[in-house]
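This report describes one protein model for a reader who has not seen it before. Please look over the sequence and the structure, then read on.

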Amino acid sequence: VEATCELVQLDEFQLAHCVCRTGYTGNGRECVDLDECRSRSPRHQCDLDSTECVNMISSYACSCKTGFSESNRRIGNLTVSCSDVDECLTERHTCKKHQLCRNTRGSYECDCKPGYEKDAVTGKCKDSDPCAQEDICPPQTKCYNTARSYKCKLICPKGWETGLSVLSWASTPECKQDIDECSTGSHECNTAYSECQNLPGHYIC
């Protein structure tokens with residue numbers, strides 16, 4: 001039954017008056033379901049940020065949006081808001097290799113790990129090439145890309161080296177350390193007939 005009969009006192013008379021029940025709208029004689037979700041002045045209490053209003057006969061329900069789950073916030077038996085689901089913590093994400101999951105409200109993002117960058121075409125994370133950046137290494141050096149990093153190697157003339165294992169702008173690289181070819185065995189002297197003698201930048205037999 002969509003309506004109920006109410007008695008209205010008018011002076012010494014009582015008049016019967018039909019009224020639509022809660023959840024219905026009309027003149028009392030003809031009542032139709034009231035769509036609380038689509039009425040001009042919303043008559044539901046759903047939190048539109050985390051739920052969607054679903055109309056039902058004479059009532060409505062608040063359904064959690066994707067990325068949310070039911071919370072304890074209720075009015076009577078009705079859940080009116082939902083809690084954000086942390087897909088990263090619950091491992092419900094689809095992040096791939098070299099990606100880090102970052103939770104957002106109602107969803108998540110897959111960010112590239114440090115040392116990687118997102119490919120504009122495939123969307124996958126690939127090893128970034130720091131050497132492509134201008135002036136990343138000091139002068140007279142060459143940049144070598146490595147996994148998630150890079151190295152700067154000084155280009156020295158034959159017979160000289162810098163003596164530094166790691167180069168950066170903080171260091172002043174110079175090819176000032178002589179390579180002792182005689183001690184390292186990198187000479188071409190025939191030791192059966194000659195003796196290697198080291199000199200600055202080279203050697204003689």
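## The disulfide of Cys-20 and Cys-31

Cys-20 and Cys-31 are joined by a disulfide with an S to S distance of 2.1 Å; a disulfide here is a pair of cysteine sulfur atoms within 2.5 Å. Cys-20 belongs to strand S2 (residues 13-20) and Cys-31 to strand S4 (residues 31-33), so the bond ties together parts that are 11 residues apart in sequence. Helices (H or I, at least four residues) and strands (E, at least two) are DSSP runs, numbered from the N terminus. Because the torsion about the S-S bond of Cys-20 and Cys-31 is about -90°, this disulfide is left-handed.

Cys-20 counts as buried, at 15% relative accessibility, and Cys-31 is buried with a relative accessible area of 15%. Buried means under 20% relative accessible area, exposed means over 50%, and partly exposed lies in between (1.4 Å probe, protein chains only). Cys-18, by contrast, is partly exposed, with a relative accessible area of 37%.

## Basis of the model

The model is predicted, so local features need pLDDT of at least 70 and side-chain atom pairs count only at pLDDT 80 or more, while totals for chains, interfaces and linings use all residues. Residues are numbered from 1 along each chain as its sequence is written, and side-chain values use heavy atoms, with hydrogens and water left out.

## The chain as a whole

The protein chain has 1 helix and 20 strands, and the structure holds 11 disulfides. Of the 205 residues in the protein chain, 26% are buried. The accessible surface of the protein chain is about 15000 Å², and carbon and sulfur atoms hold 48% of this surface. Accessible areas come from the Shrake-Rupley method with a 1.4 Å probe; for residues, only the protein chains shown count as cover.

Among contacts in the protein chain with a separation of 6 or more, 15% are between residues 24 or more positions apart. Contact means heavy atoms within 4.5 Å.

## Two further disulfides

The sulfur atoms of Cys-46 and Cys-62 are 2.0 Å apart and form a disulfide. The link of Cys-46 and Cys-62 is left-handed, with -85° about the S-S bond. Cys-46 lies in the loop between S4 and S5 and Cys-62 in strand S6, so this pair ties together parts that are 16 residues apart in sequence. Both Cys-46 and Cys-62 are buried.

Another disulfide is formed by Cys-137 and Cys-152, with sulfur atoms 1.9 Å apart. The torsion about the S-S bond of Cys-137 and Cys-152 is about -80°, so this disulfide is left-handed. Cys-137 is in the loop between strand S14 (125-127) and strand S15 (141-146), and Cys-152 is in strand S16 (residues 149-154), so that distant parts of the chain, 15 residues apart, are linked. Cys-137 and Cys-152 are both buried.

Strand S5 (residues 51-56) pairs with strand S6 (residues 59-64) in the antiparallel sense, over 6 bridges; two strands pair if DSSP finds at least two bridges between them. Opposite Val-54 stands Ala-61 in S6. The two strands S5 and S6 form a hairpin with 2 residues between them, and Ser-58 in the turn has a positive phi of about 70°.

The largest nonpolar core has 6 residues: Cys-46, Cys-53, Tyr-60, Cys-62, Leu-78 and Val-80. A nonpolar core is a set of buried Ala, Val, Leu, Ile, Met, Phe, Trp, Tyr and Cys residues joined through side-chain atoms within 4.5 Å. Not counting residues up to four places away in sequence, Tyr-60 touches residues including Cys-46, Cys-53, Val-54 and Leu-78.

## Two loop residues

Is Ser-71 buried or exposed? Ser-71, in the loop between strand S7 (68-70) and strand S8 (74-75), counts as buried at 12% relative accessibility. A polar atom of the Ser-71 side chain lies 2.6 Å from the backbone oxygen of Ser-81. Leaving aside neighbours within four places in sequence, Ser-71 is in contact with Thr-79, Ser-81, Cys-82 and Ser-83.

Arg-148 is in the loop between S15 and S16 and counts as exposed at 54% relative accessibility. Arg-148 touches Pro-114, Gly-115, Tyr-116 and Asp-127, not counting residues up to four places away in sequence. The C-alpha atoms of Arg-148 and Glu-117 are 10.0 Å from each other, and these residues are 31 residues apart along the chain.

Notes:
A polar contact is a pair of N or O atoms within 3.5 Å; within protein, one must be able to donate a hydrogen and the other to accept it, and residues adjacent in sequence count only if both atoms are side-chain atoms.
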